[in-house]
Amino acid sequence: MTKIASVATYPVSVPRKVPVWTAHERSTAWNAILTEVRTDDGLVGHGIIHAGPAPRVCDYVAKFGEFVRGMDAMATTAVWERLFALTSPRPGAIEGRPDIPAPLARPDRTVAMAAIGGIDIALWDLKGKAAGMPVYRLLGGENRPLHTYATGGYYRGVSDEEYGEELAGFLALGYRAVKLKCGAGSVEQEARRIATVRRVIGDALDLMLDMNAPYDLPDCIDFARRVEASNIFWLEEPLHWYLQPADFARLAAATSIPLAHGERELTRFAVRDFITIGGIRYVQFDATRAGGFTEALRVAQLAEQHGAILAPHTAPELHGHLVLAMPRCTFGVESHGGPETDPLHYGLFREHPHLHDGKLVISDKPGFGLEIDWDFVAKHAATGASGRAFGS
């Protein structure tokens, strides 16, 4: 048996030259947490977490690592279930037994699910390396060029035309579909901004809207009707965070534009209701934010069973393997452009999936096929981060 021996985390942060905004929050840097799992027989796997705050996430990875030390590193489902059980009450948990820790505090569920995801992704990388094949092949998929799109248009105080020119620049990099950050203004302002961007980029590019939960239901119905003339591919995260699948269902019935959602959901159980009740067509579960690859596979199978389409949120170098393994129900993957607009991931990995004519080509190397640039990790280590580890 290949046993889990140690776990480490390496938070990485690359400062932005100019801070930007989504409709929801300000960003001053590109951030990620690299996870590393080592086995007793010398295998090493890596994962990525896109969640914070980094110190709390890293602490949970370390705690969880202690709890699964000695488990079979190939038993990804067993490891996942053991960690997920920590989020709920269990018999014996309040008795102080070391083998059954007390349930996690409710406010910690988001960071805990992120920590589970980081460990799980690293274990899938290990599993692929142990088998000598890429993860997608381990899952029964075959390689093919993947449709991809580039996200841009983060708010930074420029004209509507300049946002359009930014997205049009992705065409020169080889993209054939783009996504615009929107939702920070009124319905009227955003509709004008989107119409301008569509005019600048022309009709050849598919245009998605990433809204970051800006509107209540009546305003969002108004917004959707105003932007339909701009030939919008989907509305992503259109409604306020507290609105539920029933509200999405009403929005879906009121517009011809498909809805996309899922990146902020923590488990398949919430995503299930958005698929079956909420009328979303594109499922954007993000393994690097919560749950990892094991939970993302369950979400993908759920989407296929209900005729929804898998379109994972960001991290194409990881999620591409999921898309390749589920060919019947997938749209493609998300990128953030090239090295200028995504310096963290182009710097973190020595090789990046190749883009040609709007299609991404995933590596055939074992695991996720990613070689870490440790000089980059050291150069951009977040404050106080030198690799938190347990074991030896």
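Predicted model: local features only at pLDDT ≥ 70, side-chain atom pairs only at ≥ 80, totals over all residues.
**Helix α10 and its two partners**

In general, two packed helices are described by the angle between their axes and the distance between the axes. The table gives these values for two pairs that involve α10, the helix of residues 292-305.

| Helix pair | Axes come within | Crossing angle |
|---|---|---|
| α10 (residues 292-305) and α11 (residues 316-325) | 10 Å | roughly 40° |
| α3 (residues 109-131) and α10 | 5 Å | roughly 90° |

Since α10 and α11 cross at roughly 40°, the two helices are therefore oblique to each other. The crossing in which α10 passes α11 is right-handed, and the residues that meet there are F293, A296, L297 and A300 from α10 with L318, H321 and L322 from α11. By class, this contact of α10 with α11 consists of 6 nonpolar residues and 1 polar residue, with no charged ones.

For α3 and α10, the crossing of roughly 90° makes α3 roughly perpendicular to α10. Here α3 contributes G117, D120, I121 and W124, while α10 contributes G292, F293, T294 and L297. The classes in the contact of α3 with α10 are 4 nonpolar, 3 polar and 1 charged.

**The two sides of helix α7**

Which residues of helix α7 (residues 217-227) are buried? They are L217, C220, I221, F223, A224 and V227. Viewed down the axis of α7, these buried residues fall within an arc of 160°, and so they line one face of the helix. The exposed residues P218 and R225 are carried on the face of α7 that is turned away from its buried side. Among the elements that cover the buried residues of α7 are the helices α6 (187-201) and α8 (245-254), together with the strands β6 (206-210) and β7 (232-236).

**A proline in a loop**

P312 lies in the loop between β10 (309-310) and α11. Is this residue buried or exposed? P312 has a relative accessible area of 0%, and because buried means under 20%, P312 counts as buried. Leaving aside neighbours within four places in sequence, P312 is in contact with V283, Q284, F285, H319, L322, V323, G332 and E334. One of these, L322, also belongs to the contact of α11 with α10. From A300, another residue of that contact, P312 is 12 residues away in sequence and 9.3 Å away in space, C-alpha to C-alpha.

Definitions and conventions: Residues numbered from 1 in each chain as written. Heavy atoms only, no water. Axes fitted to C-alpha atoms, helices over the stretch in contact; angles between N-to-C directions. Helix = DSSP H or I, 4+ residues; strand = E, 2+ residues; numbered from the N terminus. Parallel < 35°, antiparallel > 145°, perpendicular 65-115°, else oblique. Left-handed = near helix turned anticlockwise from the far one by under 90°. Contact = heavy atoms within 4.5 Å. Nonpolar A, V, L, I, M, F, W, Y, C, P; charged D, E, K, R; others polar. Buried < 20%, exposed > 50% of the residue type's maximum accessible area, 1.4 Å probe, protein only. Arc of directions from axis to C-beta.
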